[in-house]
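Student: I have a model open and would like to learn how to read it. Could you take me through it feature by feature?

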Amino acid sequence: MDRIPILKIGDVLLVTIQVDFHDRIAIALLEDLSEKIVDNSAKGVLIDISALEMVDSFMGRILGNISKTAKLLDCHCVLVGMQPAIAITITELGITLPGIYTALTAEDGMKLLTDMVKSKTNGKTSAKKQEAKWR
Amino acid sequence: MAVKSQEERSIANEDDILDVRNSVKRVTALLNFSLVNQTKIISAASELARNTLEHGKGGKSIIQLVTEPERIGIRLIFEDTGPGIPDLARALEDGYSTGRGMGLGLGGAKRLMDDFDIESKENEGTRVTVTKWTEKN
Ligand SMILES: Nc1ncnc2c1ncn2[C@@H]1O[C@H](COP(=O)(O)OP(=O)(O)O)[C@@H](O)[C@H]1O
Ligand SMILES: [Mg+2]
């Protein structure tokens, strides 16, 4: 069975979507990714879609599911590399991708993830400090 | 309107959707559609082919190169002998889905293409015809 490879770079998992999403590939990706997020305590997932020539509502739903699942596993998800023609088309189609962060390049996406992870860790520490003060 | 050439593809599984998309892509490139319009046409084809497969229980698509005196275009016909659509107006509404989809396929394809036509009879099947035009060059 075809599978979409998942690379690990530091705290981040990198998924490059090159092949067409099929139901079974999409389901396999969701499962593989969830496992890898937990196994590696990954804090971020970067999904590169620059090789895609289109995103339809089926793929939009899958990308949304990946992002939601990652979030439940305490992991941020950033979509990078969307072609302008795709952005125009999915807007006209009506696909909104709620809750999905995007960046233009993989580099920007990495920065965004790093910032998100940092601010979350900071947020947690200050929340703990707050708790300590109140006690 | 004259049909200059046409290609028929059956839609029986997910791989066929990809084949339809690739055929459509070839014709849109041949007609020199802009990249944005190519993307729109391929996306509309993908939505409609998936409907033929999922809701129509399989069928076929016909990809045509059509001409008129002033313009040339791509016409896509998606046909199935599935359950049909009881309420067309409802099916065209954004967000309406009897499955687990986003409910954007029909309405979206209509927006992405220039002409949109749908015929459906309960228990007989559905035929969706869409066209996008470009000036002759
Ligand atoms: N070829 C078809 N045969 C039967 N029903 C269809 C067909 N195409 C669309 N429909 C009906 O119209 C609804 C809306 O279609 P669409 O806008 O593509 O949304 P989705 O596919 O996400 O459900 C579908 O849920 C289905 O009930
Ligand atoms: Mg659909």
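**Reading the model**

Tutor: Let's start in chain B, where B:Thr129 lies in strand E5, residues 125-135. Strands (E, at least two residues) and helices (H or I, at least four) are DSSP runs, numbered from the N terminus. This is a predicted model: local features need pLDDT of at least 70, side-chain atom pairs count only at pLDDT 80 or more, and totals for chains, interfaces and linings use all residues. Residues are numbered from 1 along each chain as its sequence is written, chains are lettered from A and ligands numbered from 1 in the order in which they are written, and side-chain values use heavy atoms, with hydrogens and water left out.

Student: Is B:Thr129 buried or exposed?

Tutor: Buried means under 20% relative accessible area, exposed over 50%, and partly exposed in between (1.4 Å probe, protein chains only). B:Thr129 has 13% relative accessibility, so it counts as buried.

Student: And which residues is B:Thr129 in contact with?

Tutor: Contact means heavy atoms within 4.5 Å. Leaving aside neighbours within four places in sequence, B:Thr129 is in contact with B:Arg75, B:Leu76, B:Ile77, B:Asp115, B:Phe116 and B:Asp117.

Student: Which residues have the most contacts inside the largest nonpolar core?

Tutor: A nonpolar core is a set of buried Ala, Val, Leu, Ile, Met, Phe, Trp, Tyr and Cys residues joined through side-chain atoms within 4.5 Å. The largest one has 63 residues, and A:Ile17, A:Phe21, A:Ile47 and B:Leu76 have the most contacts inside it. Helix H2 of chain B (residues 35-54) gives the most to this core, with 7 residues. Apart from it lies another core, of 8 residues, including A:Leu14 and A:Val80. As for B:Leu76, its contacts beyond four places in sequence include B:Val24, B:Ile41, B:Met113 and B:Thr129.

Student: Which residues come nearest to ligand 1?

Tutor: A residue is near a molecule if one of its heavy atoms lies within 4 Å of it. Of the 18 residues around ligand 1, B:Asn51, B:His55, B:Ser97, B:Thr98 and B:Gly103 come nearest. B:Asn51 sits in helix H2 of chain B and touches B:Gly56 and B:Leu106, not counting residues up to four places away in sequence.

Student: What about polar contacts with ligand 1?

Tutor: For a ligand, look for a pair of N or O atoms within 3.5 Å. A polar side-chain atom of B:Thr98 lies 2.5 Å from a ligand 1 oxygen atom. Accessible areas come from the Shrake-Rupley method with a 1.4 Å probe. Taken alone, ligand 1 exposes 530 Å², and the protein buries 94% of that.

Student: How many helices and strands are there in chain A?

Tutor: There are 4 helices and 5 strands, and along the sequence chain A follows the pattern β-β-α-β-α-β-α-β-α. Of the 135 residues in chain A, 43% are buried.

Methods: A polar contact is a pair of N or O atoms within 3.5 Å; within protein, one must be able to donate a hydrogen and the other to accept it, and residues adjacent in sequence count only if both atoms are side-chain atoms.
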